[in-house]
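Q: I've got a model open and I'd like to learn how to read it feature by feature. Can we go through it together?

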Amino acid sequence: MVLAPLAWFWQASLIPGTYSVMDMGYLDYGGGSRSSAGHDGQHSMSLRDLVETTDRPADLVVNLSAQRKMFEVSTGHPFDGYTLNDRSPGPAITAHVGELVEVHLRNTNVDDGITLHWHGVDVPNAEDGVAGVTQNAVGPGQKHTYRFVVDQVGTYWYHSHQVSHKQVARGLFGALVVLPADGVGEDRDVTALAHTYAGTRTINGVAKDLHVDAAQGQKVRVRAINTDIGAMQVWSDSEYRVAAIDGRDLNKPTPVSGEALTVTAGGRADLVVTSPARVQIGGATAMLIGPSDAGVPKKPVQPTKRLDLLSYGSGAPISFDPTHADRKFTYSVGRRPGFIDGRPGVWWTINGHLFPDVPMFVVREGEVIVMHIENHTGDAHPMHLHGHHAVVLSRDGKRSSGSPWWTDSLDVESGERYDIAFVANNPGLWMDHCHNLVHAAQGLVAHLMYEGVTTPYKVGGHSKNSPE
């Protein structure tokens, strides 16, 4: 009597060796109208057709070669990881807004295959780089080309979305920065790409503080990018302004001192400081900004107070009205015992369901969407929705009173509740998952699906597609 139910749950939890994400879980219409479009094959289109439609020559062509190899993270510390063009992080990609970017990816010897996801860039769905959802993994010796227009100035990054919890940790990522068309900005513009390789903390692949040469009084924009699976704190020993979050400018940011800013896993923050200054990127590494002959500034004590983006900056109108949403969804993260693919454990749940019995949030193009996110797990979850930026409406019932806070990577602490809103303006089939990539691999993954869009790709199969 005890074993029979356990055997049933074990059997019911088994996941096929290959399956379409469109067949997993259940459809959640968020209170909106229902349609079978995209499920019965009628009036549907393949996401393979959701590509960049312009046929003009690329403004920027990037060639990237992925390889598994040993490399040094710090002197005398070899690391068995992955590189792009023989380095990790991979080459920084810098484009100007409106440019057509073309990336040629070649897999030299990454046995599991590889893809590239353009984190925070709202690309056409076929260019999103998710193995088994928007493409097949690129196997050893194979090539793949991505084409997309960068239509939003900001700080982004790229990384593999094939066995991502292993490949990103071991080096398959790089920075992507989109500058204004005229290139005008602060006096200096630097990127601080933070990553931890097997316990060694780095900025831009260097395991020590980095010096940025800047004259006295120069304004310097520091683009902090968090590629790890947990949040990091960023602060300065002098006043700073938070100019942008996740590639979106904040309205009328004011000077900050004595407060640290939380940059969520996968998230980005642009800080503007005046030289000389020390910008701490997490607790272990910093950017030392000032004249080359200046002394090394003392590491400041980490502030105990955190900057609250809910009230930072000044309010401004947005382009839609969230109070008249077409659909409202709930994304409630919990945890409970059970089986996933025959393995017993205590697993993450979404709306009470274990993977793969998770929601498929169904929308129509042009609709206003409100999503309520809550966390009941005892652990933080950095939630990342592909293909869209959402504006934060409230946290724990408190309405946003500062600048519109647009985000694609939102840190939801245990016990917190957020309401966010966005316009469904990018048709496709999009992952909506925790960017603690280990959590995603353990089943903390859902999808946003536009009616009428299907995918020909499958998880598993001959390409060994495994997006998490």
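Q: Which residues is His 372 in contact with, leaving aside its neighbours within four places in sequence?
A: Contact means heavy atoms within 4.5 Å. By that rule, His 372 is in contact with Phe 329, Thr 330, Tyr 331, Arg 417, Tyr 418 and Asp 419. Take Tyr 418: 46 residues separate it from His 372 in sequence, yet the C-alpha to C-alpha distance is 5.8 Å.

Q: What should I know about the model itself before going on?
A: This is a predicted model, where local features need pLDDT of at least 70 and side-chain atom pairs count only at pLDDT 80 or more, while totals for chains, interfaces and linings use all residues. Residues are numbered from 1 along each chain as its sequence is written, and side-chain values use heavy atoms, with hydrogens and water left out.

Q: What does the chain average in pLDDT, and where does pLDDT stay under 50?
A: pLDDT is the predictor's confidence in each residue, from 0 to 100. Here the chain averages 94, and 96% of the residues score at least 70. It stays under 50 over residues 37-41, for which the model has eleven contacts beyond four places in sequence.

Q: Is His 372 buried or exposed?
A: Buried means under 20% relative accessible area, exposed over 50%, and partly exposed in between (1.4 Å probe, protein chains only). His 372 has 18%, so it counts as buried. Its place is in strand S27 (residues 368-375); strands (E, at least two residues) and helices (H or I, at least four) are DSSP runs, numbered from the N terminus.

Q: And Gln 167, where does that lie?
A: In helix H2, residues 164-167. Gln 167 is buried too, with a relative accessible area of 1%. Among the residues it touches beyond four places in sequence are Tyr 82, Val 110, Asp 112 and Leu 172.

Q: Which residues touch the most other members in the largest nonpolar core?
A: A nonpolar core is a set of buried Ala, Val, Leu, Ile, Met, Phe, Trp, Tyr and Cys residues joined through side-chain atoms within 4.5 Å. In the largest, with 82 residues, they are Val 222, Leu 261, Ile 281 and Tyr 331. Strand S35 (residues 445-450) gives the largest share of this core, five residues.
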